[in-house]
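Please read the following briefing alongside the sequence and the 3D view.

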Amino acid sequence: MHFWLMKSEPDVFSVDHLAARPNRTEPWTGVRNYQARNFMRDEMRPGDLAFFYHSSCPEPGIAGIVRISGRAYADATQFDSASEYYDPKATRDHPRWFNVDVTLVRKTRLFSLQELRSRPELASMLVLKRGNRLSIMPVSQREWRAIERLL
DNA sequence: GCCAACGTTGGC
DNA sequence: GCCAACGTTGGC
């Protein structure tokens, strides 16, 4: 069992969008960074939990908890020439990008980036690292529990 | 809108 | 394989 943090711009896809989906489940498509892809493809397992993090918005921070509901599979948007995530170098035989499905466990209060920074016990979090641009990153069990206690 | 950070691309 | 140029992320 591993813990994660997954970023999404709420203008594009928010925790409320996820709450409105059938079965509160959605494929996490559009990741186009190899390190983030590798986390999904190689390390995420059904049952893992992740914080749903709102980024590039007035109040960045954790807005919900999701469960990884299936193993990674080829991201369909890479094959769709009409999609902004289209990748002409990807083929059905050799897909380049993968996604998992995520299911909303619950919305949380907004646990802001500012508050994350203010907690000494959370100082180790990757999301707080200067220059970090990963959209998917691991969270330690210790960090996870510390945040859950404060939600 | 700015800009630091850093991943990707492509010429060589 | 190097590395400069370029593009993107994301907080502010």
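Predicted model: local features only at pLDDT ≥ 70, side-chain atom pairs only at ≥ 80, totals over all residues.

Residues are numbered from 1 along each chain as its sequence is written, chains are lettered from A and ligands numbered from 1 in the order in which they are written, and side-chain values use heavy atoms, with hydrogens and water left out.

**Chain A overall**

- Chain A has four helices and eight strands, where helices (H or I, at least four residues) and strands (E, at least two) are DSSP runs numbered from the N terminus.
- Along the sequence, these elements of chain A come in the pattern β-α-β-α-β-β-β-β-β-α-β-α.
- The radius of gyration of chain A is 15 Å, close to the 15 Å that the globule rule gives for 151 residues, so the chain is as compact as a globular protein of that length. The radius is taken over C-alpha atoms, and the rule is 2.2 Å times the number of residues to the power 0.38.
- Taken along the principal axes, the box filled by the C-alpha atoms of chain A is roughly 45 × 30 × 30 Å.
- Of the 151 residues in chain A, 46% are buried; buried means under 20% relative accessible area, exposed over 50%, and partly exposed in between (1.4 Å probe, protein chains only).

**DNA strand C**

- Around DNA strand C are K7, Y53, S55, S56, P60, L113, R117, R133 and L134. A residue is near a strand if one of its heavy atoms lies within 4 Å of it.
- Of the atoms of DNA strand C that come within 4 Å of the protein, 78% belong to sugar and phosphate.
- By class, the residues near DNA strand C are four nonpolar, two polar and three charged. Ala, Val, Leu, Ile, Met, Phe, Trp, Tyr, Cys and Pro count as nonpolar, Asp, Glu, Lys and Arg as charged, and the others, Gly among them, as polar.
- R133 has a polar side-chain atom 2.9 Å from a base oxygen of DNA strand C.

**DNA strand B**

- Y34, R130, G131 and R133 are the residues around DNA strand B.
- Sugar and phosphate make up 71% of the atoms of DNA strand B that come within 4 Å of the protein.
- The surface near DNA strand B has one nonpolar, one polar and two charged residues.

**Largest pocket**

- The largest pocket has a volume of about 550 Å³, a volume being the space filled by probe spheres set on grid points, which are joined across faces, edges and corners.
- Its lining has 19 residues, and K7, S8, T29, G30 and Y85 lie nearest the centre of the pocket. On a 1 Å grid over the protein atoms alone, a pocket is an open set of points where a 1.4 Å probe fits, with protein on both sides within 12 Å along at least five of seven lines; lining residues have an atom within 4 Å of a point.
- β1 (3-8) and β2 (25-27) each supply at least two lining residues of the largest pocket.
- The lining of the largest pocket comprises seven nonpolar, six polar and six charged residues.

**Positive phi angles**

- Most residues other than glycine have a negative phi.
- R24 has a positive phi, near 50°, and lies in the loop between α1 (15-19) and β2. R24 is partly exposed, at 34% relative accessible area.
- S56, also not a glycine, has a positive phi of about 50°. S56 lies in the loop between β3 (49-54) and β4 (61-68) and counts as exposed at 58% relative accessibility.

Notes: Polar contact = N/O pair within 3.5 Å; in protein donor to acceptor, adjacent residues only side chain to side chain.
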